[in-house]
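Thank you all for making the time this morning. I would like to take you through a few individual residues and then a cavity, so please keep the structure open while I talk.

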Amino acid sequence: MTSLYKKTIHGKPYWYLREMGWVDGKPKMVSERYLGNAAQIEALLDAHEEQVLPDRCRNLDFGAVAAVWGLLADLGIAELIDQACGPRPSGLPLSPGTYLALAVLNRVTDPCSKRGFATWWKTTAADRFTKIRASELDHRRFWDAMHALPIEALADIEHTLALRVCDRFGLDTSSVALDMTNFATFIDTGNTKAPIAQRGKAKQKRADLRLVGLGLVVTRAGGIALLSHAYPGNKPDVTQFPDMIKTLAARHTALSTAHTASSDTATGAATADMTVVFDAGQNSQANFALLAETNLHYVASVPASDCPDLLALPAAARTPVDEQRYPGLDALEVHRASYGAQRRTILTHSTQLHAHQVRGFEGTSLAKAGRRLDELAATLARGKTRRARPAVEADIAKITHNAWVRRVITWQLDGDKPKDLRLAWTIDTEARAQLEDEIFGKHVIITDHDDWPVPDVIAGYRSQSEAEGSFRQMKDTHVVSYSPMFHWTEHNIRVHTFTCVLALQIAHLLRLQADRAGLHLSVRELLRQLAGIEETVLIYPSTGGRPKARRILTETSDLQDQLAALYRLDRYTPKVRS
């Protein structure tokens, strides 16, 4: 009989392999073989396994899920949500905060439905370092977790998290961008449990679907979401502006107080003012009055068509802004009445935008209208139409509904009876030249910063692209996506929107970290590079019992190595033996 035997020498264990046998009717040691200490035995086993080929292997997503999970853990997202939820509901294997943090993780890396979450989870290595089993991720448990989070607590969680993020990453909140959009849903028309989903002006051109509106305030640098506001999709943006501004003013006060408390007076004074950048969709006299009451500064745009006096000024009145920062951009500034007060107004003209608008107008709008008018003229020329003159005129009005097209196309409809109707049209070259000179390439900006140089005002206004980029990101169906949304109640839609905004915040924080490290990547490219860091599970033949497995990471590029170090993925890197 062969057995292991341990000898303890100077307090350290050493292992031997003994063979016992019967000699003269008595048990006796036949042979003894020294194996070594525990480390030496492990090395022997590793050397043996390297000589045995694995039966099969599995590749699991590691880099992206580990980076996102690490940031969620660093910010204490799950704990923050749990504080708002109170005691864990009975029957939940995990806390509500953990479930919602997992929902954020999925939204960032590979959006899917809650029903498909457990299946997706099995394709990742996250079960190893989170210690969360797929069996605990039934879609009904996610719904229970969402129900456990009070709607009233969402704003407080967002407020606390904004303070935490600004402190941890040193975000500059002196200038922020505000914008609004809406998302199409597939909620049934007869559903009365989701008043937030209403039909309105769909920015995704899906007028047949119910919409959920969303307003965001993001930082100028990095596009980090500081405030969100969900509202019914049938409400105009301008009506939601007051609620967002009031909340933003309170949040800015808290940020300034926290910043001043953690720094000297001079540094704190630098962040005492906040400038809000927004587009013309939020403009109203009441909204500008509210901005003045809250002591928030602004940089906003005005529709160029509302400023005919500025558009009529000759090009000679404009001067170059800054050839280094803004080549091909010139501007003029005046003080004029806008929305009930005299405001600093800047008219800019960009040669690049001018050329782009010429191409778009001639190649798309004007060309499309011309083709449709030609088709209509050919139909009438055949003399077989049954439509009366008013119906044909209505068709022409529909074809030339674009204001710019109407200015440059002239048409004449002859005849009274349907068979006698004939259409002739032409492009008025003089009106076309006047339109280009008057409108193309021009923007109008208003601000209460009378002391800012023109280049700084323009730079501030262009930060509006950060908010617009955030919405484009949320409409990306591959990463950080608002869709798919399989919720049909007011409560769950609002919690879903909250997790989507949180996912956007996490993704942009990851991008900000990379940008500060000199790695300038889009969110999609960043997540693609991280997803390329995979975990391979080598499964060896079973010698009885559970098959043995070894986990290793796939080969990585220099860029992926930098990202792994930046996001401290070594916290979750697998050991060689599993």
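Lys131 sits in the loop between helix H6 (126-130) and helix H7 (139-148), where helices are DSSP runs of H or I of at least four residues and strands are runs of E of at least two, numbered from the N terminus. This is a predicted model, in which local features need pLDDT of at least 70 and side-chain atom pairs count only at pLDDT 80 or more, while totals for chains, interfaces and linings use all residues. Residues are numbered from 1 along each chain as its sequence is written, and side-chain values use heavy atoms, with hydrogens and water left out.

Lys131 has a positive phi of about 60° although it is not a glycine. Most residues other than glycine have a negative phi. Val480, in the loop between helix H18 (464-474) and helix H19 (490-516), also has a positive phi, of about 50°. Are these two residues buried or exposed? With a 1.4 Å probe and protein chains only, buried means under 20% relative accessible area, exposed over 50%, and partly exposed in between. Lys131 is exposed, because its relative accessible area is 67%, whereas Val480, at 2%, is buried.

Let me turn to Ser301, which lies in strand E9 (residues 297-302) and counts as buried because its relative accessibility is 6%. Its side chain makes a polar contact with the side chain of Tyr461 at 3.5 Å; by that I mean a pair of N or O atoms within 3.5 Å, where, within protein, one must be able to donate a hydrogen and the other to accept it, and residues adjacent in sequence count only if both atoms are side-chain atoms. Leaving aside neighbours within four places in sequence, Ser301 is in contact (heavy atoms within 4.5 Å) with residues including Phe278, Asp279, Val444 and Tyr461.

Pro96, in helix H4 (residues 96-109), is buried as well, since its relative accessible area is 2%. Pro96 and Ala148 are 52 residues apart in sequence, yet their C-alpha atoms are 6.8 Å apart in space.

Helix H8 (154-169), strand E7 (225-232) and H19 each supply at least two residues of the lining of the largest cavity, and Leu161, Leu227 and Phe498 are among the lining residues.

Note on methods. 1 Å grid on protein atoms, 1.4 Å probe; cavity = no way out; pocket = protein on both sides within 12 Å on 5 of 7 lines; lining within 4 Å.
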